[in-house]
Every structure is written in C-alpha cells, then in structure tokens.
Amino acid sequence: MIPCRNEAGVIAGLVREVRPHLPLVLVVDDNSEDETAARAAEAGAQVVRRTENPGKGAALKAGVAAARARGCEWVMTLDGDGQHRPEDIPAFLRCAEETDAALVVGNRMHRAEAMQWLRRQANRWISRRLSELVGSSLPDSQCGFRLINLKAWAALRLETDHFEIESEALVAFVGAGHRVEFVPIQVVVGGGQSHIRPVRDTWRWLRWWRRVRREPRMAAGAAASQSKG
C-alpha cells in the first residue's frame with residue numbers, strides 16, 4: 001500500500017517495481033492535484049482516492065480499510081516519493097515469518113550518515129523519546145516502510161491523521177503487547193521531496209507527545225517481547 005500525494009512523476013515506476021513482490025498494489029491518492037491516480041492505475045495498481053483533508057495518517061487508515069475489504073491479512077506500506085526500495089520487501093516478509101512479529105519496520109540507521117542531516121537528527125531525537133516511553137529499542141521510529149498485521153492494527157485505537165501516525169502506531173503496537181521488529185533497509189540518497197512541513201508537523205507531534213505521556217502505558221512485561229533492534 002502506497003499512500004501518496006502529487007507523485008505523478010514517480011508513482012508508475014514505483015508500482016511496477018513493487019508488483020513482482022506482492023499480489024496486490026494499492027495506492028491511496030491523498031487528494032493529489034496532479035495525475036498521480038491515473039499514472040498509478042496505468043501501472044497496475046488499484047487506487048483509492050481521497051478528495052479532502054489530506055494527511056498521511058488518514059491516508060494510511062483509508063488504505064488499511066481498503067486492504068481489509070479486499071480480504072488482506074497483512075499490508076506493506078511504502079512512501080510514494082521513491083525513498084524506499086521495493087527489493088527490500090522480501091526481508092520484511094522473512095522477518096515476520098521467522099519472528100511472529102505483528103509489525104516490521106525498516107531501519108535506516110545503520111547508514112544514518114546518508115540521510116539528510118535534519119531528518120536524521122529529528123529521527124534520532126524522536127526515536128530516543130519513544131524508546132524511553134515504551135522501555136524498548138525503537139531505532140528508526142519514523143520510517144514509513146512497514147509490514148503490518150491487519151488484525152492487530154484493527155484492535156488499536158489510532159487517533160492521529162498526519163505524520164505523527166508513525167509514532168502513534170509504534171507505541172500502540174507495543175502497548176498492546178505485540179512483537180515489533182526492525183530490518184535493515186537501503187537508504188536512498190536524495191530520494192524524493194518530503195511532504196513534511198517542519199513547523200506545523202513538529203507542533204502536531206509535540207501535541208500528540210504531550211498527550212500520550214499522560215496516558216497509562218503498557219505493563220513492564222510488554223517490552224520484553226520487543227525487538228532488540
């Protein structure tokens with residue numbers, strides 16, 4: 001599943017690269033103003049179009065609902081800007097099969113120096129905060145390259161509609177006692193234009209963070225089932 005907005009220039013190529021690895025490619029067109037939906041459909045994707053209130057969290061939820069309606073039990077999420085390499089998908093599938101993890105997340109931090117400086121620093125700071133909160137190592141908490149068990153997802157209460165969904169989902173999976181694993185992935189240097197708006201999205205994340213720190217967190221035993229990174 002590829003949530004995206006205004007990615008007409010790259011979405012067709014991405015869909016074609018993903019198709020050999022997965023039986024279904026679902027693109028969630030998040031109110032694009034270009035030909036993203038048409039290009040994705042031409043490349044062989046099934047397209048879900050959102051026409052208002054764009055936001056990554058809302059797009060992910062719409063995509064998950066569409067995948068479940070099609071009978072899917074798992075969903076693989078990739079960002080639509082070309083920063084993820086589809087050839088890494090088999091590593092996620094193997095990890096889930098070998099570990100029984102309900103959530104497998106890509107980990108770019110083994111080559112963190114290849115990431116943009118600001119993105120790297122923000123990721124490290126947020127990942128430290130979340131790791132401290134849940135009592136387990138979450139080395140790359142902001143990576144959108146993920147394999148998600150839909151039955152586990154459906155039981156979670158996820159309230160955010162923007163980029164803070166990455167953090168909220170991780171905390172929710174851990175809080176529910178699900179196993180979370182991380183797999184190394186390639187780092188694409190200069191891989192696409194980020195849609196993050198630093199001031200607005202930082203404010204949204206901090207508002208979510210303030211709220212979540214006040215809520216009762218998971219029992220100590222939950223962290224024991226998590227990945228060591």
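View 1. Methionine 76 sits opposite leucine 147 of strand β6. The strands here are DSSP runs (E, at least two residues), numbered from the N terminus. In this predicted model, local features need pLDDT of at least 70 and side-chain atom pairs count only at pLDDT 80 or more, while totals for chains, interfaces and linings use all residues. Residues are numbered from 1 along each chain as its sequence is written, and side-chain values use heavy atoms, with hydrogens and water left out. Strand β4 (residues 74–77) runs antiparallel to β6, and four bridges join them; two strands count as paired if DSSP finds at least two bridges between them.

**View 2. β6 also pairs with β5.** Three bridges link strand β5 (residues 103–107) to β6, again in the antiparallel sense. Here valine 105 stands opposite arginine 146 of β6.

**View 3. The two faces of β6.** Are the faces of strand β6 (residues 146–149) covered or open? Both are covered: Arg146 and Ile148 on one side are buried, and so are Leu147 and Asn149 on the other. Buried means under 20% relative accessible area, exposed means over 50%, and partly exposed lies in between (1.4 Å probe, protein chains only).

**View 4. Arginine 129 in helix α5.** Arginine 129 belongs to helix α5 (residues 117–134); helices are DSSP runs too (H or I, at least four residues). Arginine 129 counts as buried because its relative accessibility is 17%. Its side chain makes a polar contact of 3.2 Å with the side chain of glutamate 132. For such a contact, two N or O atoms lie within 3.5 Å; within protein, one must be able to donate a hydrogen and the other to accept it, and residues adjacent in sequence count only if both atoms are side-chain atoms. Serine 141 is twelve residues away along the chain, with a C-alpha separation of 9.9 Å from arginine 129.

**View 5. An open three-stranded sheet.** The strand order is β1-β2-β3, with parallel pairing. β1 (2–4) and β3 (46–50) are the edge strands, each with a single partner, so one side of each has no neighbour in the sheet. Neighbouring strands are turned by 20 degrees against each other on average, direction ignored. For angles in general, axes are lines fitted to C-alpha atoms, for helices over the stretch in contact, and values run from 0 to 180 degrees between N-to-C directions.

**View 6. β1 beside β2.** Three bridges pair β1 with strand β2 (residues 26–30) in the parallel sense. Isoleucine 2 has valine 27 of β2 as its bridge partner.
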